[in-house]
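Here are some notes on the side chains and backbone angles of this entry, for checking against the coordinates.

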Amino acid sequence: MAQGAGRTITQVVAVVALAAAVTVFLSVAAVRHGFFDLQVYYGALTYWARDGGEIYDFLRPGTQYGFTYPPFAALVMLPMAYLPWSAAIVVSVTLTVLASAVVIWRLLDPVARRSGWTRWFALAVALCLAAAYEPMRETVNFGQVNMLLLFLVAVDLLWLLPARSRWAGVGIGLATAIKLTPGIFIVYLLVTGRWRAALTTVGTAAVATLVAAGLFPDASREFWTEALWNTDRVGELAFVSNQSLRGVVARLDPQHPSTIAWLVLVLLTLVVWAWRSRAAVAAGDEATGLALTGAVMCLVSPVTWVHHLVWLLPGLILLVDNGMAAPARSRRRRLLLAAASIGYALLCSRIVWSWEKDFTGVDGFLGSNTYVWISLALLLGLPIRRRPTPTGGERPGDVPAGSASGGVPQFAEQDRGASAVQRHRVGGLLAVR
């Protein structure tokens, strides 16, 4: 009892110290955006719901920025128009924190259990580290919806699909109806042969869009015929915050960015993604499918602002997962944990902003696109591992443990933390049952 109490006290002190260190770091490194995007949403919704204007006619005073999401997003956010501004901030931050905690916990819990970490302590440490992560702090400080969308997609891929629920696909459909970019996960379902979930996703997105069109026909007409195609409302493609392949190409020639070069890069990237995603699903590794698709979405989207890179969080956590699953003191463990640490450190550092004013030259090309290189590294190098079936056998289409799939060595899940004796006992119990 005394030993357990001492361990708890030590962990509490460690979490408090880490939280204090992160607070100091944020006070120095974090840029204050004053909930800029939330102000756009709030202003547009108020103008629309209470002042009688059209939501897509609203521009934040002194800027070219207006509401860029589909009408269904406006319907979901509509209660915000009737809240005080301070309450809207509280709701935005609270929902982001809760969604982040759920997603991080789902991905981190297997690591904590296998490694013998106290689970509340692992989550507390992870949330502190997430607060320092630039895309996360930008999401919170802009008042963005990125983590809420990631949560909806994760519900499908990490809970409903593995359980073969008939509701699998609803989360992706809602996320797509709120913001079009998560539609890449519909392609993921199709590429990996989950036809029923794909149909559910398409049906959900269609119903949500039609409901919004029925309620707000004028706004729907304006969005689908005008606002969607008005790229001036989004921002400058060559701006260093655009960490997509389109941003890379635009920074090579800001005045005349090559659309053909961008499309070729997108096509090659999608081919690699489809190959690796199919390998992940064949191995039953849905979490890696989520991470790969999040990374490819950031790469192929015409605009991927830094705050959109919260979609890389699953990949970074899975690097840690795979590293901790490797044998202690092995080269594989060192390599994967080093990759996770370096990627995380760079994504906390604001390094790309060093080239905000001048991204010319070799250093500008390499440095201003740092986050793009991390997305590509995750797409190409994130390990895929075979998941066991309830009977301990392999899934159909699995590769044998230790062989390669999608260009990455595979490691059987039963090798991750269970001793040979434990596996023998589990197998015996299953045989008796």
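The points below concern a predicted model and cover arginines and aromatic rings.

1. Arg 276 belongs to helix α13, residues 259-282. Arg 276 is buried but forms no salt bridge. The nearest side chain of opposite charge is that of Asp 285, 8.1 Å away, and the cut-off for a salt bridge is 4 Å. A polar atom of the Arg 276 side chain does lie 2.7 Å from the backbone oxygen of Leu 382.

2. Most residues other than glycine have a negative phi. Arg 164 has a positive one, near 55°. Arg 164 sits in the loop between α7 (146-160) and α8 (170-178) and, with a relative accessibility of 76%, counts as exposed.

3. Arg 350 also has a positive phi, of about 60°. Its place is the loop between α16 (331-346) and α17 (361-368).

4. The model has 17 aromatic pairs. In one of them, Phe 36 and Tyr 65, the ring centres are 5.7 Å apart and the planes meet at 90°, so the pair is edge-to-face. Phe 36 is in helix α2 (residues 36-49) and Tyr 65 in the loop between α2 and α3 (71-77), so the pair ties together parts 29 residues apart in sequence. Tyr 65 is partly exposed, at 28% relative accessibility.

5. Tyr 41 and Phe 67 are edge-to-face, because their planes are at 75°, with centres 6.1 Å apart. This pair links helix α2 to the loop between α2 and α3, across 26 residues.

6. Two arginines lie over tryptophan rings: Arg 106 over Trp 159, at 5.8 Å from the ring centre, and Arg 246 over Trp 262, at 4.7 Å.

Notes. Residues numbered from 1 in each chain as written. Predicted model: local features only at pLDDT ≥ 70, side-chain atom pairs only at ≥ 80, totals over all residues. Heavy atoms only, no water. Helix = DSSP H or I, 4+ residues; strand = E, 2+ residues; numbered from the N terminus. Buried < 20%, exposed > 50% of the residue type's maximum accessible area, 1.4 Å probe, protein only. Lys, Arg positive; Asp, Glu negative; His and termini not counted. Polar contact = N/O pair within 3.5 Å; in protein donor to acceptor, adjacent residues only side chain to side chain. Phe/Tyr/Trp six-rings, centres within 6.5 Å; stacked < 30°, edge-to-face > 60°. Lys NZ or Arg CZ within 6 Å of the ring centre and 35° of its normal.
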